[in-house]
Amino acid sequence: MTCLLASHLTFYLTMRVILVVWLALLILSCKEQEVSNPYQFVIPDNFPESKYSFQNNPITKDGFELGRMLFYDPILSRDETVSCSSCHQQHVAFADPLHVLSIGVDERVGTRNALPIQNMAFQQFFFWDGGVNHLDFVPINAITNPVEFDESVGDIVDKLNASSFYKNQFNKAFGEKEVTSQKVLHALSQFMVLMISANSRYDKYIRNEGELLSTQEQRGLLLFKQNCANCHSTDLFTNGDFLNNGLDTDENLDEGRARITEFNEDKGKFKVPSLRNVALTDPYMHDGRFNTLKEVLQHYSNGIKTSSTVDNRLFTNNSPGLSLTEDEQNDIIAFLQTLTDESFIKDKRFSAPLMPKQ
Ligand code: HEC
Ligand code: HEC
């Protein structure tokens, strides 16, 4: 009797162990699937919450791949000569490696230095003046801008509807063959929100993934925290604010944020840009006036110009400039270089797609 009971008990215990192991394996394999699905939006441990609303536009492989094709296709421009990727190139974190001010159709010159495209899901405001507050609407600006695509959204929809290749792709992505402007914008957003840069040496250092910073880089990080991180804050390296960092005096102030808000106190203020991949995204500032990080550091150190809207964090003992020594400037530059993310600029998911002959 006791023997029977014991064997029952053993059987029962064995079953429990099997059940627990089976459940653990199931959970592990789910986890593994999560990590290995390259089209899943995963927030890096050192990042804040996403600002993008995925409910209206869930990412799918086909939607992402469609966005990727559109991003690289000059069909979006009036004369089919310019694509998003003309001004946003992967090897420099999707900034523009060639032009201080960007060049659109008919070689028309823009007024701003192209911003990199990275970590867009975490941003609330787009463009230097924050003129757009939803990622889905950013491409409309590029499409209709006479110095970029100089095209209408309606024409693009017509061009895409005339292509049996694209109609098939839209069908795969959204379950309907008909191309609409909303689907074009949703596909482009699906592509852009997955462009996350969070694997620089700095990230691996800060997440304890076995990366070390040199003593110079660590000195630079400390100096950066003291002098720069109140504006270039969090691991996105921006507080998302619009500020004047002392580039011009009142006579030469660009409208900046005031173009949108029409407040005088916003003149000369621009979005604090992220500094991720900053070693790749030269030239610097909204008008691309500085070619090197050295020039940027000299500006902050002793080139700050006073004006009615300049930020008072850029003063030392009431005089303009952060007065950093030569060595301190070089240390900060060494630190900024640790923000370069090789895996992002080489990630095959974001490279030019192979397009079939049409
Ligand atoms: C002719 C060059 C050019 C083309 C083509 C172009 N862009 Fe841009 N892009 C820029 C410039 C310049 C800026 C910054 C403009 C500003 O802030 O006023 C910018 C800004 C952006 C931003 C905002 C980044 C941020 O941090 O705020 C995104 C996103 C973007 N572009 C996506 C696209 C997409 C998608 C396309 C294609 C539909 C495209 N761009 C086509 C030059 C271009
Ligand atoms: C008071 C806020 C503030 C502080 C402090 C500050 N910045 Fe900036 N930074 C800005 C703003 C605003 C811009 C954009 C200005 C523009 O283009 O008109 C900017 C632009 C930059 C750019 C150009 C990025 C690009 O993509 O063009 C670099 C590089 C930079 N800052 C580095 C630094 C460093 C290094 C420090 C510390 C020594 C620092 N900043 C301190 C506000 C600040």
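Hi everyone. When I say helix today, I mean a DSSP run of H or I with at least four residues, and the helices are numbered from the N terminus. Just after the one called H6, Gly175 takes a positive phi of about 75°. Please keep in mind that this is a predicted model.

Let's stay with H6 for a moment, which spans residues 164-174. Which of its residues are buried? They are Phe165, Tyr166, Gln169, Phe170 and Ala173. If you look down the axis of H6, those buried residues fall within an arc of 130°, so they line one face of the helix. Turned away from that buried side is a face with the exposed residues Ser164 and Lys172. And what do the buried residues of H6 pack against? Their partners are helix H2 (61-72), helix H5 (153-161) and helix H7 (181-193).

Now for the ligands, starting with ligand 1. There are 26 residues around ligand 1, and those that come nearest are Cys84, Cys87, His88, Trp128 and Lys271. Helix H3 (84-87) and helix H4 (138-144) each supply at least two residues of this shell, and H4 gives the most, with three residues. His88 sits in the loop between H3 and H4. Its NE2 atom is the only protein donor of the iron atom of ligand 1, at 2.1 Å. A polar side-chain atom of His88 also lies 2.9 Å from a nitrogen atom of ligand 1. A side-chain N or O atom of Lys271 is 2.6 Å from an oxygen atom of ligand 1, and a polar side-chain atom of Gln123 is 3.1 Å from an oxygen atom of ligand 1.

On to ligand 2. Here 25 residues surround the ligand, the closest being Cys228, Cys231, His232, His286 and Tyr300.

A nitrogen atom of ligand 2 lies 2.9 Å from a polar side-chain atom of His232, and a polar side-chain atom of Asn245 lies 3.5 Å from a nitrogen atom of the ligand. His286 has a side-chain N or O atom 2.7 Å from an oxygen atom of ligand 2. Strand E2 (270-271) and H11 are the elements that give two or more residues to this shell, and H11 gives the most, with three residues.

My last stop is Arg207, in the loop between helix H8 (201-206) and H9. Why does Arg207 count as buried? Buried means under 20% relative accessible area, and Arg207 has 18% relative accessibility, so it counts as buried. Its side chain makes polar contacts with the side chains of Glu209, at 2.8 Å, and Asn46, at 3.0 Å. Leaving aside neighbours within four places in sequence, Arg207 touches Pro44, Asp45, Asn46, Ala198 and Asn199.

Definitions and conventions
Residues numbered from 1 in each chain as written. Chains lettered and ligands numbered in written order. Predicted model: local features only at pLDDT ≥ 70, side-chain atom pairs only at ≥ 80, totals over all residues. Heavy atoms only, no water. Buried < 20%, exposed > 50% of the residue type's maximum accessible area, 1.4 Å probe, protein only. Arc of directions from axis to C-beta. Contact = heavy atoms within 4.5 Å. Polar contact = N/O pair within 3.5 Å; in protein donor to acceptor, adjacent residues only side chain to side chain. Near = heavy atom within 4 Å. Donors = N, O, S within 2.8 Å, 3.2 Å for Na, K, Ca; no water.
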